[in-house]
Amino acid sequence: MSIVRKITLGYIILIFIPVVVFGYYYYSQIYGNLTNQFVQSRQKILEQAYANMKMDLTRIDSIQRILQNNPYVTDYLDGVYESDSDSIYAYNRNISPIITQSLSNNPDIEKLQIYKTKQRALPITDRLLDISTLDSQGMEVARKLKPGQGVWIISDRGAAAPSLIFYQNIYNSDFTEKIGLLELHVGSGLIRKFYEAAGGRDNWQALLLPEHGVPSREVAPAGIDMATWKLLGSNDTQPYFINKKTIVNQLYMQELKVRIVVTGKIDDVFRTIKRKEIFLVFTIIALLAALSFVYYALASKITKRILLLVRHMRNLDDDNLKQFISKKAKPNRLDEIEILTSTYNSMIRRMDELINNIHRSELRNKEAAYKVLQAQIKPHFLYNTLETIRMLAESNDDKEVADISFWFGKLMRYSLSSEGDRTFLANEIETVIFYLNIHKMRLQDRLTYEVNVSVDAEQIACPRFILQPLVENCIVHGASAILRPFHIKIQVWANGDEIHISITDSGSGIQEEKLEAIRSRLAMGDDNRADAENEGGIGLFNVSERIKSFFGGSSQMLIDSESDVGTCLSIIITTGGIGRI
């Protein structure tokens, strides 16, 4: 996949999709919060409308208390007036004004009737009627009435705004006997005003439903979908809920034993917001599309130069080391790509120089190999000459000359061998023994030595010539300074995870100041190479550095000496270095 596609894909995954998803989620949260706030505010409006409705109903049913507490009314219904004229006079003089005033104070009341229970009371056609003229519904309600309590009945329930009827008994002055039944007919205007106050106007619908369930019908009322109608019929009594796109607020009315339900569509409420939402969505899409195009154009402009550089890299080989020159590059532009191009061209020039140097080095190596091949004649001639001397000495029974020729030949072969810098510790020890034998031939009884090896030296690899320079240092600086017998002891042993090699002589030792200087040079390593070359000790220094480089870890060489007693050179090889071998 090209870098342009990767950048574009990264933009879509990391920017475009998260922005759209977050925008949608954020809008949904805001939309949901606004919806909930709106539903809760409508529920408060419904509760306030119900509180006003309760006040209206209380004002209307207070007429019963006015009549109950009026002695003229109770006397009339109790049959106190014996003649019709007295009854008519009492009604017109004292009762009719009270009823007229009550009706004027409550314009919602369409009809007020009192049903008397005693025959002695004179019936009046439209106000005072005999209890026998009461309809069956009224008789059923009157039968269930409790003392001191009235009841509201909803008439013509199927109407959009039904009317109400109020029933309550009227008792005699002693409250020992029912003497009448008050019936108040309230028109549909009261319920209609309640609907409007509860929010049931415009596209919102208000209706009264039973406390539990709904009237059984195959089709839901107009404006209510069937799913919402079924939810209203369940036993769910939550005050408000949202069913998909329908908002429902409901409240139980204790006085009427019904629920007031107000429903409406979310789209009708948020029609203006919906228009803005559509505009916002299209604006975001257009903006993201424009930004995506600009981003892609910018990414293409930047990556096109990189792609040209990559194409040049793919065509680069040993036969094609031309520098990269881009037509898109502008003079004096020091951006990151230009720096990358400049560095790349510098690398190509350096590669070209290195390849030419390698070719020249190969030619020099071939020439050196040829000279080495020529030089091999001389060592072979020297080995053959020493072997001839040894054979002549043995034929003449001259054992000393034969031995020294054999030892010297072995040393020369080991020294001039081209097998590399690696060998085994056993070969190093054997070479040191040859070297000591030659010096013993010269020094005779003044020189003695012993070699103790308690490890498998055949399995321990080491650099060539790490012991011979140390032994040579003992003979040159130890034995040459004294006339007494001189002894060299070589020991190799294992101590836990370390291999120890010690070369001890009984020479004159090293002075304290010089010993500290040698130790300091060995400890400082390559940082003190120049001092070692100028002040001596380059042999010890080289051996120490070769040990550290070959074995690694904490491998090292130590030197201890005591004046007129001798010197001890110790090589410590750690397990890490041995494992690497």
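**Exercise 1. Classify Asp560 as buried, partly exposed or exposed, then find its salt-bridge partner.**

Step 1. Asp560 has a relative accessible area of 41%, so Asp560 is partly exposed. The classes are buried (under 20% relative accessible area), exposed (over 50%) and partly exposed in between, with a 1.4 Å probe and protein chains only.

Step 2. The model is predicted: local features need pLDDT of at least 70, side-chain atom pairs count only at pLDDT 80 or more, and totals for chains, interfaces and linings use all residues. Residues are numbered from 1 along each chain as its sequence is written, and side-chain values use heavy atoms, with hydrogens and water left out.

Step 3. Asp560 meets Arg519 in a salt bridge, 2.9 Å from N to O. A salt bridge is a side-chain nitrogen of Lys or Arg within 4 Å of a carboxyl oxygen of Asp or Glu.

Step 4. Asp560 sits in strand S15 (residues 556-562) and Arg519 in helix H14 (residues 512-524), so distant parts of the chain are linked, 41 residues apart. Helices (H or I, at least four residues) and strands (E, at least two) are DSSP runs, numbered from the N terminus.

Step 5. Check the partner. Arg519 is partly exposed, at 30%.

**Exercise 2. Are Asp130 and Lys116 buried or exposed, and which strands hold them?**

Step 1. Asp130 and Lys116 form a salt bridge, with the closest N and O atoms 3.2 Å apart.

Step 2. Asp130 is in strand S2 (residues 128-130) and Lys116 in strand S1 (residues 109-116). The pair is 14 residues apart and links distant parts of the chain.

Step 3. Both residues are buried.

**Exercise 3. How many salt bridges does the structure hold, and which residues form a network with Lys118?**

Step 1. The count is 11.

Step 2. Salt bridges link Asp78, Lys118 and Glu177 in a network.
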